[in-house]
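Please read them alongside the sequence and coordinates.

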Amino acid sequence: MERKIHAILLAAGFSRRFQGNKLLYPLNGKKLYLYLAERLIEGVKESMIDSFVVVTQYDDILWEMKKRNIEVVRNDYSIQGISSSLKLGLSKARRFEEQGKDNYYIFFVADQPYLRKETIENFLEEFLKSKKFIGCVRNGEKLGNPVIFHEKYVPELESLEGDKGGKSVLKKHIKEAFFYSVENERELQDIDTKGELT
């Protein structure tokens, strides 16, 4: 059966430890969130992914994505935790589902500027070869992002509350999961402080 890959970029966090909005922080002259956003935009153009949605609470990101004709949804409830962004993104991305095809949802976090497009491509390629329905990148034993789910997991994802994200669903089905190892741990690093950008 043909597969459709729907990417969701979560860009609505609060950057509490960063002392400023980390997603808009200029890293080598480019806003931090744009590194991954632009790789995913390229991924759509190259048919690596079939649709792309961004979830944010920030006007700067909202208008930049609209300017680039990227599907974007505002999250005015980010205070409720990552589950609110996950569910908003999923709801928007499901509009691109195609009946009679296997639909997969892959979640990214916007504070991973060092994640390479080649890593995303290789992860997706190996995941689809594995014929598993849930998958995740990791470095050693540490699980990272992105995480991908077959549509059969949508009800579980939609039932998440508070600060529980997709990994809580993954961990419930750990024996069914595919893992892709990334050698450079920096690729999977979530930026929390300015010191991590040096």
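Is Glu97 buried or exposed? Glu97 counts as buried because its relative accessibility is 17%, where buried means under 20% relative accessible area, exposed over 50% and partly exposed in between (1.4 Å probe, protein chains only).

1. Basis. This is a predicted model, in which local features need pLDDT of at least 70 and side-chain atom pairs count only at pLDDT 80 or more, while totals for chains, interfaces and linings use all residues. Residues are numbered from 1 along each chain as its sequence is written, and side-chain values use heavy atoms, with hydrogens and water left out.

2. Glu97. This residue is found in the loop between helix H3 (82-93) and strand E6 (102-109); helices (H or I, at least four residues) and strands (E, at least two) are DSSP runs, numbered from the N terminus. Its side chain makes polar contacts with the side chains of Arg94 (2.9 Å) and Tyr105 (2.7 Å). A polar contact is a pair of N or O atoms within 3.5 Å; within protein, one must be able to donate a hydrogen and the other to accept it, and residues adjacent in sequence count only if both atoms are side-chain atoms.

3. Strand E7. Five of the six residues of E7 (residues 134-139) are buried, so the rest of the structure largely encloses this strand. E7 pairs with strand E8 (residues 142-150) in the antiparallel sense over five bridges, and with strand E9 (residues 178-181) in the parallel sense over four bridges; pairing requires at least two DSSP bridges between two strands. Ile134 has Phe149 as its bridge partner in E8, and Cys136 stands opposite Phe179 in E9.
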